[in-house]
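The following paragraphs lead the reader through one structure, step by step. Please keep the sequence and the model in view while reading.

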Amino acid sequence: MKLVVVGTGYVGLITGACFAEFGYETVCVDKDKSRIDKLKNAKCPFFEPGIDGLLNKHLNDTKLLSFTPSIAEAVEDANVVFITVGTPTKRLENDADLSAVWDVAVELSKHIKDYCVVVTKSTVPVGTTTKLKKIISKKLDLNKFDVVSNPEFLREGSAINDFMRPDRIVLGTESKKSENIMRELYRPLNLIETPIVSTSIETSEVIKYASNSFLATKIGFINQIADLCEKVGANVQDVAKAMGIDKRIGSKFLHAGPGFGGSCFPKDVKAFVNTAYKHDLDFSILDAVMKSNEVRPTNIAQKIIKLKNFKQGNTIALLGLSFKPNTNDVRDSTSIKIAKEFIKKGIKIQTYDPQGMKSAKSILKELILCNSAYEACRSANCVIIATEWNEFRALDLNKIKEKLKDLVIFDLRNIYNPSELEQIGFEYYGVGK
Ligand code: UDX
């Protein structure tokens, strides 16, 4: 089988590299020529554990992976084409901007020659895959292609493992022929007995949004429980642990913190709420999740400022800028939102992140970048742990103590044991405890 992946963003590159790892000849396409030139030299535009190794292996050793800026050239003899172009939130609305998907559809309609399965893998609102079919069919005979919805569930930082060992594969199809091709494609996962859920196209599209929105709701829920715990003297970690033992609830995504960020949850929840509005439905639950998440980082920053009476001239050490560990992605990062609030008040931010500093600085030029967590703590009035990178879990606390001016720690990811820190002399504040 020959595969084509159109769009070499995060999802596209992971998808392309992983299908090559499965053993398929895979061509990745992007209209950005300079990006393609870099990729041809195995230069990945983002940080993701394991991706460099896969790119190198399949570009240079197996030669199963290749890159081109030309859709026409790539799709000529393709069996399956994945669309993985960006679907950002439109500037003035909460809707997903699908213009890149439609552009690809027009291109495909001109260049597909033999029967081919066209798959939407980017997160797209319900109805998109069917509209895609309409656009392609303006130029291409209906017996020359089928459309399929096959959403991804990749988490940044562990995307390769998520691709290789998924909890499930969702296939939204409308013909047995395309379903069989997709099942064949994912045959390497039979060995680990990955469940395949076959549905209609619309159901598959909804599954993706419903899954992400549910996870975001879990986080939003536990964060508000955390606020209550702080008021009543309870401990949210113990609450979450006990809740999670109940199999109907489950323990995952119940970690209280500064709110969810990243390129998916905020965008997807907004787009899902918008889909509901368009159908005269009020997704009040998700609306509340979004609203509470939007104000959370600012509220946390203001709480810290009030608690320690921070003002102009104070310095804060901020550890972690990426929206989560193991990525350099700072899109919708709660850490940056918190930093902005401090900077507005004239407070200096000395910061360190293992991967996210360059992109964070381009968004917030006032950040003072440091070479290590310890350097960031130098003469600071407190330290805030905003992202739970492994290296922040094992800090030399005595060294941190030497560097800080005031021994105050705000552990926004609850990674430290309060009594341990208090013994060393720190004033400790976690979330929800
Ligand atoms: C998410 C989904 O998990 C993935 O399936 C989907 O396809 C893409 O979106 P990702 O955005 O990479 O993946 O990160 P994820 O690990 O889900 O975390 C999202 C945000 O929620 C982060 O800001 C994280 O810090 C936060 N989070 C997560 C919490 O605050 N608490 C938790 O318990 C879990």
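This is a predicted model: local features need pLDDT of at least 70, side-chain atom pairs count only at pLDDT 80 or more; totals for chains, interfaces and linings use all residues.

Domain 1 covers residues 2-199, and domain 2 covers residues 290-429. Their centres, taken over C-alpha atoms, are separated by 37 Å. Seven residues of domain 1 and ten residues of domain 2 take part in the contact. About 600 Å² is buried between domain 1 and domain 2, and carbon and sulfur atoms give 46% of this area. On the side of domain 1, Phe47, Glu156 and Gly157 supply 83% of the area that this domain buries against domain 2, more than any other three residues.

Salt bridges do occur in the structure, which holds 22 of them. In general, side chains of opposite charge can pair when their charged atoms come close. One of the salt bridges joins the side chains of Lys57 and Glu21, with a distance of 3.0 Å from N to O. Lys57 belongs to helix α3 (residues 51-61) and Glu21 to helix α1 (residues 10-22), so this pair ties together parts that lie 36 residues apart in sequence.

Attention now turns to a sheet. Six strands make up an open sheet with parallel pairing, in the order β11-β10-β9-β12-β13-β14. At its edges are β11 (368-369) and β14 (427-429), each of which pairs on one side only. Within the sheet, strand β12 (residues 382-385) runs parallel to strand β13 (residues 408-411), and three bridges join the two. Ile384 has Phe410 in β13 as its bridge partner. Helix α12 (residues 284-308) packs on the sheet and touches β12, β13 and β14. The direction of helix α12 makes about 160° with that of β13.

Note on methods:
Residues are numbered from 1 along each chain as its sequence is written. Side-chain values use heavy atoms; hydrogens and water are left out. Two strands pair if DSSP finds at least two bridges between them. Helices (H or I, at least four residues) and strands (E, at least two) are DSSP runs, numbered from the N terminus. Contact means heavy atoms within 4.5 Å. Axes are lines fitted to C-alpha atoms, for helices over the stretch in contact, and angles run from 0 to 180 degrees between N-to-C directions. Domain bounds come from an automatic or database domain assignment. Buried area is the accessible area (1.4 Å probe) that two parts lose on being put together, summed over both. A salt bridge is a side-chain nitrogen of Lys or Arg within 4 Å of a carboxyl oxygen of Asp or Glu.
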